[in-house]
Amino acid sequence: MTADPRPRRTFAVISHPDAGKSTLTEALALHAAVIQEAGAVHGKAGRKGTVSDWMEMERARGISITSAALQFEHRGTVVNLVDTPGHADFSEDTYRVLSAVDSAVMLVDAAKGLEPQTLKLFRVCAQRGLPVLTVVNKWDRPGLDPFELLDQVEQQIGLKPTPLTWPVGAAGDFHGVLDRRDGHFVRFTRTAGGATRAPEEHLTPEQAEAAVGDDWVEALEGHELLSADDADHDQASYLAGRTTPVIFASALQNFGVGQLLDLLLDVAPAPGPTPAVDGGVREPGDDFSAFVFKVQSGLDAQHRDRLAYARVCSGRFERGMVVTHAATGRPFATKYAQTVFGRDRTVVETAEPGDVIGLVNAAALKVGDTVYAGKPVRYPPITSFAPEHFATATVADTGRWKSFRRGIEQLDEEGVVQVLRSEWRGEQAPVLAAVGPMQFEVVAARLESEFRAPVRLERLGYELARTVRPDQAEEVAGLRGVEVLARRDGTLLALFPDEWRLRFVQRDHPHLELTALPAGG
Ligand code: GDP
């Protein structure tokens with residue numbers, strides 16, 4: 001079998017709920033030829049195209065708990081869109097997805113501007129060094145002034161925006177965009193609900209002025225102001241995470257979607273070398289390796305299988321190959337492990353660096369694990385993120401205690417939730433720590449369905465966590481309103497009821513080292 005020579009682009013969309021991520025995903029798929037869907041979720045109830053339906057809860061609430069990838073082709077390049085579960089109650093999975101991509105698209109609602117979840121996700125991108133493209137969406141409706149939006153991006157996330165297109169006509173009275181690269185007018189034509197690909201007409205500046213008059217002149221002025229402010233695209237600055245190219249779009253009307261795809265191909269980075277724990281790197285052309293960024297259980301109530309989503313980092317994956325599980329040194333056969341894509345399980349024969357594969361029967365694989373063929377390699381674990389929600393879990397039926405303990409252990413290992421323990425709390429009532437409260441519901445549902453150990457969850461009044469030095473743990477634990485617990489990896493976390501209490505402690509006890517965890521902390 002010969003290698004698939006097509007280049008790859010692997011990215012994720014970061015956005016706040018309702019910014020239009022599902023709409024954009026559908027529009028992208030419409031523009032490009034969809035190759036396959038790895039359980040990609042276009043997550044709204046009653047909407048066509050909702051592929052993932054593995055949990056009752058997910059169906060009932062019309063949201064996506066799972067994350068996977070949508071693969072399509074555009075101008076000869078294979079594009080992998082890795083889904084970020086985007087409900088308000090998002091979870092650590094949302095963050096972890098960002099370890100599987102090479103760049104991110106930040107989707108901003110033109111009327112709402114930057115919103116909290118986008119900011120949180122952006123911080124994870126920044127920490128991972130992911131270059132970010134910005135799409136201002138819903139430009140077909142009334143919204144903020146474009147300069148105001150750029151200001152928000154610059155002030156709140158610290159990236160200098162470099163618009164590649166500039167709107168002609170205000171939000172809501174939108175005629176199209178000025179393409180700042182060639183000076184042409186890309187005219188926007190409304191279609192009924194964006195159901196079909198909106199025709200994008202390209203007009204010369206003269207034709208533009210004749211067509212829309214003052215709005216064109218104003219757009220030209222905006223363009224010149226931007227150039228005077230040095231807000232022009234610079235590839236090196238974008239890749240270094242100092243600037244963010246911006247385009248204006250309407251996902252619903254299917255406008256700007258083709259421009260986004262072109263942009264991904266033209267500027268977004270291709271899969272590159274992956275740093276390993278030993279300090280070396282694995283080049284895309286080396287032997288096969290992949291790392292697991294998401295594990296999903298209970299996919300199929302009948303079979304109770306475990307699906308591990310892995311990003312191919314190097315080499316090519318061929319179904320049937322026997323790989324080594326770096327954590328245990330044991331072989332892992334992919335022979336019978338069909339790859340699950342979409343509603344149907346389609347066998348994927350091969351995959352290249354940047355692609356996402358779903359490995360079934362992956363009971364041994366955990367989030368952050370490496371699998372490889374040939375030369376051994378191990379990738380660093382995915383950082384665990386700052387939890388903001390805490391609850392104690394106790395078994396409802398003491399007769400099921402052993403199953404409960406086993407279940408908690410497994411969910412901790414899978415990364416469904418972080419389990420915190422302390423002598424004071426005891427084994428009976430561990431503390432669950434989550435990035436989003438929905439993680440608790442997943443824990444409760446899985447303990448009940450898979451381990452037949454229904455639980456009682458009791459929310460605790462903490463809002464933030466800081467790591468504590470072991471030699472200072474006792475002192476911190478003695479502070480009023482603060483509790484210290486240990487994570488599975490031994491890290492000690494101090495939980496605080498609120499920001500105010502934390503600041504109070506920091507002021508009165510400046511010698512205590514209380515360190516924020518990545519993202520949201
Ligand atoms: P998600 O929560 O980010 O996945 O957002 P959705 O894609 O579900 O969109 C949220 C709402 O915004 C839906 O009612 C969409 O129809 C609407 N929407 C999305 N994109 C646009 C757009 O470009 N223009 C307008 N007017 N509405 C949009």
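Modeller: Let's start at Leu432, which is in contact (C-beta atoms, placed from the backbone, within 7 Å) with Phe390, Ala391, Ala393, Val417, Val419, Phe440 and Val443, leaving aside its neighbours within four places in sequence. Keep in mind that this is a predicted model: local features need pLDDT of at least 70, side-chain atom pairs count only at pLDDT 80 or more, and totals for chains, interfaces and linings use all residues. Numbering runs from 1 along each chain as its sequence is written.

Leu432 belongs to the largest nonpolar core, which has 135 residues. A core here is a set of buried Ala, Val, Leu, Ile, Met, Phe, Trp, Tyr and Cys residues joined through C-beta atoms within 7 Å, and buried takes 20 or more other C-beta atoms within 10 Å of a residue's own, with exposed at 12 or fewer and partly exposed in between. Leu432, Val443, Ala104, Ala249 and Ala310 have the most contacts inside this core. Helix H11 (residues 438-451) gives the most to it, with 7 residues; helices are DSSP runs of H or I, at least four residues, numbered from the N terminus.

Now over to Ser403, in helix H10 (residues 401-414). Ser403 counts as partly exposed because it has 16 C-beta neighbours inside 10 Å. Beyond four places in sequence, Ser403 is in contact with Phe451, Arg452 and Ala453. Arg452 is 49 residues from Ser403 in sequence, yet their C-alpha atoms are 7.4 Å apart in space.

Note on methods: Helix = DSSP H or I, 4+ residues; strand = E, 2+ residues; numbered from the N terminus. Contact = placed C-beta atoms within 7 Å.
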